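User: Could you walk me through how to read this structure? I would like the general idea behind each feature before the case itself.

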Amino acid sequence: MIRFEEVRKSFGGTKALDGLDLVVPEGAFAVLLGGSGAGKSTALRTVNRLVEPDAGRVLLRGRDVASEPAPALRRRIGYVIQGIGLFPHWSVARNIGAVPRLLGWEERRIAARVEELLALLRLDPAAYRDRMPAELSGGQAQRVGVARALAANPDILLMDEPFGALDAITRQALQAEMARLHAATGKTILLVTHDVEEALSLATRLAVMADGRLLQEGAPRELLDAPADPRVRDLLDGGALGMRRLALVAASSLAALCGEAPADLPRVAATATGREALEAMLAARAEAVVLVDPGGAPAGLVALRDLLRA
Amino acid sequence: MRAAALLPVLLFAAALVVLPMLAPTFGALFPQVAEPLYRREGFGALALSHAGLVVASLLPAAAIGIGLGVAATRPGAREVRAVADALVGFAQAVPPVAVIAIAVPAVGFGAAPALLALVCYATLPVLRATAGALATVPPEVLDAARGAGMTPRQVLVLVELPLAAPPILAGLRVAAVLAVATAAVGAVAGATCLGTPIIAGLVNGNPAWVVQGALLTGLMAFAVDGLLGALAPRVSASPP
């Protein structure tokens, strides 16, 4: 659990954080959303003390982060940044093993952990272990960046606009990867972004910031349905409120059971969102879509009007 | 590539061997001088003592230059940077002969004033290269290093210096070549080196000795440049 208590920070004359209060529950995938200058990166960096607050405090599992030396604290916290920041003079394996090596792990244990993480991030260990960062694409480099952050099995993972510099397709692939990693590891993740789509697709808890303060915090659906502040509504609406709401709903929750599925209807995976179901209907010019389970058997039927219940 | 870089070294070695045999040639070139070949000390001994001066000045110059360069690039070290800049500017403005002239009353004749001047001159390229190279380390790499839990010292030793190594080594190479050339001036204060025949030649009106000293000094500078150039890629830690 991460708790921000009345955290304030000024740079020169500008207030980056103006009394931030926020609680990130254990195991949450929390997303800090806001425009530029909202203070979200500053807030993230107070957790691993790359920024020291002028006032207030940050607690990690009930303990003030200022109560231990910064390097020791940071070795327990994974950190991923937009610029990736791989050490260009070290191989992929050496980069991933950086924090374990600082912690004094045995070489054999580090090597095993590197293999494990490369596999977890879907990079073939034999092919990537010995590459230099300059030999990686942007997406591969950020996979290594995430692996490096996870290497010492940190309590929490901080991600500062981690996919901002990647192209749209790579970004989506890595977002899906992060959702999978979060589900698999159950780690507390705090991610900063200005991208509403990214925030809605990843967050289990969404916190919207402006002018160094928290505007609203809650489940993404709560913020979409009941924005507490006009700025939250403006940020989340963006002319696509209905579609965003649909994207947060599982199509299966809107489905009616069907014994026999009409063969002429389009089919989508049972795990699809309402938005994906709608997209399939629009693409096939059909008024309903059949959900199919991984075995290919029909699992339900979603009609166009069912989507209105989202 | 490497063989080509070592060519000046071979040339210098050959000159050391061949030059003592060329008394008749210099006699023909400079018929007015009674003693066309410099024989007070052997060229090999002069070269060795010259190299000694260079090495003895490069080590402190490297330590001071890299040390000041590192200090000047630490966060919150504006004063150090100002002092280093002033030092660079001042030392560049004063010619080596002046440094030696000022040093002689303080440290006496011989190798000491020459060493002082050499350290002053060789420090500058190292300092400039170090500060410049450290400033080019990408900020996101430093952010990642700190975020990974490296102490400031670990950031410097594990990340900054390895990434800055190639330009720093290039600075050392410049300093070494400069030191070889400047060391000859040390003969003015009585330091034994390849400048000794030059000074002796100037004092005694013997241009043959001047040519011999100048030729060997120049070839030694080329040799050092080639040697360090051949070594550099092997020491460099950065990827191609």
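Predicted model: local features only at pLDDT ≥ 70, side-chain atom pairs only at ≥ 80, totals over all residues.

User: What distance separates the centres of domain 1 of chain A and domain 2 of chain A?

Analyst: Residues are numbered from 1 along each chain as its sequence is written, with chains lettered from A and ligands numbered from 1 in the order in which they are written. Domain bounds come from an automatic or database domain assignment. Here chain A is divided into domain 1 (2-245) and domain 2 (249-309), and their centres, taken over C-alpha atoms, are 34 Å apart.

User: Which residues of chain A does UniProt list for "domain: ABC transporter"?

Analyst: UniProt positions are given in the numbering used here, with feature names shortened, and annotations may be inferred rather than shown by experiment. The unreviewed entry lists residues 2-236 of chain A under that name. In residues 2-236 of chain A, 40% is helix and 26% is strand; helices (H or I, at least four residues) and strands (E, at least two) are DSSP runs, numbered from the N terminus.

User: What is the strand order in the open sheet of three strands?

Analyst: Strands of a sheet pair through backbone hydrogen bonds, either parallel or antiparallel. Two strands count as paired if DSSP finds at least two bridges between them. In chain A the order is β11-β12-β13, with mixed pairing. The edges are β11 (267-269) and β13 (298-303) of chain A, each pairing on one side only, and the twist averages 35° from one strand to the next. Strand β12(A), residues 288-292, pairs with β13(A) in the antiparallel sense over five bridges, and Val289(A) stands opposite Val302(A) in β13(A).

User: Which helix lies across β11, β12 and β13 of chain A?

Analyst: Axes are lines fitted to C-alpha atoms, for helices over the stretch in contact, and angles run from 0 to 180 degrees between N-to-C directions. The helix is α13 (residues 274-284) of chain A, running at about 125° to β12(A).

User: How many residues of chain B are in contact with chain A?

Analyst: Contact means that C-beta atoms, placed from the backbone, lie within 7 Å. By that rule, 16 residues of chain B touch 19 residues of chain A. On the chain B side, α7 (139-147) and α8 (152-183) each supply at least two residues, and α7(B) gives the largest share, six residues.

Methods
Contact = placed C-beta atoms within 7 Å.
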